[in-house]
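Let us walk through this structure together, one feature at a time. Keep the 3D view open as you read.

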Amino acid sequence: MTLTKTILFPEIEKIISAFDFESISSERKIILQPLIDFIQAKTSNQQEIRLNLICTHNSRRSHLSQVWAQTAAAHFNIKNVFCYSGGTEATALFPMAAKTLEQSGFKIKIIAAGNNPIYAIKYAENEHPIIGFSKTYDDDFNPQSEFAAIMTCSQADGGCPFIAGAEKRIPITFEDPKAFDNTPQQAEKYQERSLQIATEMFYVFSKIKSY
(Lines give C-alpha, C1' and ligand atoms only; values in the text may rest on other atoms or scores of the structure.)
Protein backbone atom coordinates (compact mmCIF):
# COMPACT_ATOMS: atom_id res chain seq x y z
CA MET A 1 0.00 0.00 0.00
CA THR A 2 1.41 3.38 -0.98
CA LEU A 3 1.07 6.08 1.64
CA THR A 4 -0.25 9.29 0.19
CA LYS A 5 1.78 12.38 0.95
CA THR A 6 0.14 15.24 2.81
CA ILE A 7 -0.27 18.27 0.58
CA LEU A 8 0.46 21.35 2.64
CA PHE A 9 -1.04 24.75 1.88
CA PRO A 10 0.75 26.28 -1.16
CA GLU A 11 2.27 29.20 0.78
CA ILE A 12 3.85 26.76 3.25
CA GLU A 13 5.15 24.57 0.40
CA LYS A 14 6.75 27.65 -1.16
CA ILE A 15 8.57 28.48 2.08
CA ILE A 16 9.75 24.87 2.47
CA SER A 17 11.18 24.86 -1.05
CA ALA A 18 13.58 27.64 -0.01
CA PHE A 19 14.99 25.83 3.05
CA ASP A 20 18.75 25.34 2.93
CA PHE A 21 19.93 22.68 5.37
CA GLU A 22 23.52 23.69 4.60
CA SER A 23 22.79 26.93 6.44
CA ILE A 24 22.54 24.95 9.69
CA SER A 25 25.94 25.00 11.39
CA SER A 26 27.71 21.77 12.28
CA GLU A 27 27.37 22.79 15.96
CA ARG A 28 23.58 23.04 15.61
CA LYS A 29 23.42 19.71 13.78
CA ILE A 30 25.14 18.08 16.77
CA ILE A 31 22.50 19.66 19.05
CA LEU A 32 19.70 18.35 16.80
CA GLN A 33 21.10 14.80 16.53
CA PRO A 34 19.58 13.44 19.80
CA LEU A 35 16.12 14.41 18.53
CA ILE A 36 16.80 12.66 15.21
CA ASP A 37 17.92 9.57 17.14
CA PHE A 38 14.80 9.59 19.36
CA ILE A 39 12.40 9.90 16.41
CA GLN A 40 14.30 7.31 14.35
CA ALA A 41 14.26 4.75 17.18
CA LYS A 42 10.50 5.18 17.64
CA THR A 43 9.88 5.01 13.88
CA SER A 44 12.01 1.88 13.48
CA ASN A 45 10.07 0.18 16.28
CA GLN A 46 6.74 1.39 14.85
CA GLN A 47 5.97 3.24 18.07
CA GLU A 48 4.11 6.50 18.52
CA ILE A 49 6.34 9.59 18.66
CA ARG A 50 5.37 12.20 21.24
CA LEU A 51 7.28 15.48 21.41
CA ASN A 52 6.58 18.07 24.09
CA LEU A 53 8.22 21.37 23.11
CA ILE A 54 8.84 23.32 26.32
CA CYS A 55 9.67 26.96 27.04
CA THR A 56 9.12 29.26 30.03
CA HIS A 57 5.77 30.87 29.12
CA ASN A 58 4.56 28.62 26.29
CA SER A 59 3.89 31.76 24.27
CA ARG A 60 6.38 31.98 21.38
CA ARG A 61 9.25 29.56 20.67
CA SER A 62 7.56 26.43 22.01
CA HIS A 63 4.47 27.04 19.87
CA LEU A 64 6.52 27.80 16.75
CA SER A 65 8.50 24.60 17.37
CA GLN A 66 5.36 22.52 17.95
CA VAL A 67 3.68 23.75 14.78
CA TRP A 68 6.71 23.42 12.51
CA ALA A 69 7.62 19.97 13.90
CA GLN A 70 4.10 18.64 13.29
CA THR A 71 4.14 20.15 9.79
CA ALA A 72 7.55 18.61 9.04
CA ALA A 73 6.34 15.17 10.12
CA ALA A 74 3.40 15.49 7.72
CA HIS A 75 5.60 16.74 4.89
CA PHE A 76 8.01 13.80 5.20
CA ASN A 77 5.16 11.32 5.77
CA ILE A 78 6.45 10.22 9.18
CA LYS A 79 3.41 8.65 10.81
CA ASN A 80 2.22 8.61 14.44
CA VAL A 81 3.91 11.89 15.39
CA PHE A 82 2.12 13.92 18.03
CA CYS A 83 3.59 17.31 18.92
CA TYR A 84 2.64 19.25 22.04
CA SER A 85 3.93 22.34 23.81
CA GLY A 86 4.01 23.65 27.35
CA GLY A 87 5.69 26.05 29.71
CA THR A 88 7.01 26.19 33.23
CA GLU A 89 4.07 28.58 33.62
CA ALA A 90 1.02 29.38 31.47
CA THR A 91 0.43 32.84 29.92
CA ALA A 92 -1.03 33.10 26.40
CA LEU A 93 0.06 32.37 22.85
CA PHE A 94 1.56 35.74 21.88
CA PRO A 95 -0.43 37.25 18.99
CA MET A 96 2.70 38.05 16.97
CA ALA A 97 3.71 34.38 17.02
CA ALA A 98 0.29 33.43 15.61
CA LYS A 99 0.50 36.23 13.03
CA THR A 100 3.96 35.06 11.94
CA LEU A 101 2.61 31.56 11.31
CA GLU A 102 -0.34 33.02 9.43
CA GLN A 103 2.05 35.00 7.20
CA SER A 104 3.85 31.72 6.45
CA GLY A 105 0.64 30.21 5.07
CA PHE A 106 -0.98 28.52 8.07
CA LYS A 107 -4.74 29.00 8.43
CA ILE A 108 -5.51 30.11 11.97
CA LYS A 109 -8.83 30.51 13.73
CA ILE A 110 -9.50 31.55 17.33
CA ILE A 111 -11.93 28.96 18.66
CA ALA A 112 -12.14 30.36 22.20
CA ALA A 113 -11.38 33.95 23.21
CA GLY A 114 -10.28 35.29 26.61
CA ASN A 115 -7.00 35.93 28.41
CA ASN A 116 -5.57 32.68 27.05
CA PRO A 117 -7.19 32.22 23.62
CA ILE A 118 -7.37 28.79 21.99
CA TYR A 119 -6.26 28.67 18.35
CA ALA A 120 -6.89 26.06 15.66
CA ILE A 121 -3.83 26.06 13.40
CA LYS A 122 -4.08 24.23 10.06
CA TYR A 123 -1.22 23.37 7.70
CA ALA A 124 -3.25 21.32 5.20
CA GLU A 125 -6.86 21.09 4.07
CA ASN A 126 -7.50 17.53 5.26
CA GLU A 127 -5.30 17.29 8.36
CA HIS A 128 -6.47 17.79 11.92
CA PRO A 129 -5.63 21.30 13.17
CA ILE A 130 -3.00 21.85 15.82
CA ILE A 131 -4.64 23.21 18.97
CA GLY A 132 -2.57 26.13 20.26
CA PHE A 133 -2.93 27.70 23.70
CA SER A 134 -0.64 28.37 26.63
CA LYS A 135 -0.38 25.66 29.28
CA THR A 136 2.17 24.18 31.66
CA TYR A 137 4.21 21.30 30.26
CA ASP A 138 2.52 18.84 32.68
CA ASP A 139 -1.02 20.00 31.83
CA ASP A 140 -3.59 17.23 31.34
CA PHE A 141 -3.76 18.21 27.64
CA ASN A 142 -0.16 17.01 27.22
CA PRO A 143 1.24 13.46 27.44
CA GLN A 144 2.13 12.27 30.92
CA SER A 145 4.64 9.60 29.87
CA GLU A 146 6.48 8.13 26.84
CA PHE A 147 7.48 11.48 25.34
CA ALA A 148 10.62 13.48 24.61
CA ALA A 149 10.87 16.85 26.38
CA ILE A 150 12.43 19.34 23.97
CA MET A 151 13.68 22.39 25.89
CA THR A 152 13.38 25.34 23.48
CA CYS A 153 14.66 28.10 25.77
CA SER A 154 17.68 28.26 28.04
CA GLN A 155 15.64 29.54 31.00
CA ALA A 156 13.35 26.51 30.99
CA ASP A 157 16.31 24.24 30.26
CA GLY A 158 18.21 25.56 33.28
CA GLY A 159 15.15 25.76 35.54
CA CYS A 160 13.80 22.27 34.79
CA PRO A 161 16.59 19.71 35.05
CA PHE A 162 13.93 16.99 35.45
CA ILE A 163 10.68 16.59 33.50
CA ALA A 164 8.41 13.96 35.05
CA GLY A 165 7.33 11.26 32.61
CA ALA A 166 9.82 12.19 29.89
CA GLU A 167 11.70 9.30 28.28
CA LYS A 168 14.32 11.73 27.07
CA ARG A 169 15.14 15.38 27.71
CA ILE A 170 16.70 17.19 24.75
CA PRO A 171 17.84 20.85 24.93
CA ILE A 172 17.39 22.62 21.57
CA THR A 173 17.31 26.28 22.56
CA PHE A 174 16.45 29.29 20.41
CA GLU A 175 16.91 33.03 20.93
CA ASP A 176 13.76 34.77 22.16
CA PRO A 177 12.11 37.13 19.62
CA LYS A 178 10.38 38.78 22.60
CA ALA A 179 13.45 41.02 22.89
CA PHE A 180 12.17 42.88 19.81
CA ASP A 181 8.56 43.36 20.94
CA ASN A 182 7.28 46.89 20.30
CA THR A 183 10.25 47.76 18.09
CA PRO A 184 10.35 48.40 14.31
CA GLN A 185 12.17 45.05 13.92
CA GLN A 186 9.48 42.98 15.63
CA ALA A 187 7.87 41.37 12.57
CA GLU A 188 11.24 40.74 10.92
CA LYS A 189 12.73 39.09 14.02
CA TYR A 190 9.71 36.86 14.64
CA GLN A 191 9.84 35.72 11.01
CA GLU A 192 13.59 35.13 11.29
CA ARG A 193 13.16 32.96 14.40
CA SER A 194 10.19 31.10 12.92
CA LEU A 195 12.17 30.26 9.78
CA GLN A 196 15.18 29.10 11.82
CA ILE A 197 12.96 26.79 13.85
CA ALA A 198 11.20 25.58 10.70
CA THR A 199 14.46 24.86 8.87
CA GLU A 200 15.85 22.91 11.81
CA MET A 201 12.67 20.89 12.38
CA PHE A 202 12.49 20.03 8.68
CA TYR A 203 16.17 19.02 8.76
CA VAL A 204 15.43 16.69 11.69
CA PHE A 205 12.52 14.97 9.95
CA SER A 206 14.38 14.81 6.61
CA LYS A 207 16.84 12.44 8.32
CA ILE A 208 14.20 9.93 9.41
CA LYS A 209 13.95 6.68 7.46
CA SER A 210 10.44 5.23 7.57
CA TYR A 211 9.83 1.52 7.08
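A pocket, as the word is used here, is an open set of grid points with protein on both sides within 12 Å along at least five of seven lines. Its volume is the space filled by probe spheres set on those points. Keep in mind that you are looking at a predicted model.

With that idea in hand, start with the second largest pocket, which holds about 230 Å³ of space. It is lined by 12 residues, and those closest to its centre are Thr 43, Lys 79, Asn 80, Ser 210 and Tyr 211. Sorted by class, this lining has six polar, four nonpolar and two charged residues.

Now turn to the largest pocket, with a volume of about 490 Å³. Here 20 residues form the lining, and Gln 70, Val 81, Phe 82, Tyr 123 and His 128 lie nearest the centre. Helix 3 (61-75), strand 2 (81-87) and strand 5 (130-132) each give two or more residues to this lining. Its residues divide into 12 nonpolar, six polar and two charged.

Next, look at how two helices pack. Two packed helices are described by the angle between their axes and the distance between the axes. For helix 4 (residues 95-103) and helix 6 (residues 186-206), the angle is about 65 degrees and the axes are 10 Å apart. Angles of 65 to 115 degrees count as roughly perpendicular, so helix 4 and helix 6 are roughly perpendicular to each other. Their crossing is right-handed.

Which residues meet there? Helix 4 brings Met 96, Ala 97, Thr 100 and Leu 101, while helix 6 brings Gln 186, Ala 187, Tyr 190, Gln 191 and Ser 194. The residues of this contact are five nonpolar and four polar, with no charged ones.

Notes: Residues numbered from 1 in each chain as written. Predicted model: local features only at pLDDT ≥ 70, side-chain atom pairs only at ≥ 80, totals over all residues. Heavy atoms only, no water. 1 Å grid on protein atoms, 1.4 Å probe; cavity = no way out; pocket = protein on both sides within 12 Å on 5 of 7 lines; lining within 4 Å. Helix = DSSP H or I, 4+ residues; strand = E, 2+ residues; numbered from the N terminus. Nonpolar A, V, L, I, M, F, W, Y, C, P; charged D, E, K, R; others polar. Axes fitted to C-alpha atoms, helices over the stretch in contact; angles between N-to-C directions. Parallel < 35°, antiparallel > 145°, perpendicular 65-115°, else oblique. Left-handed = near helix turned anticlockwise from the far one by under 90°. Contact = heavy atoms within 4.5 Å.
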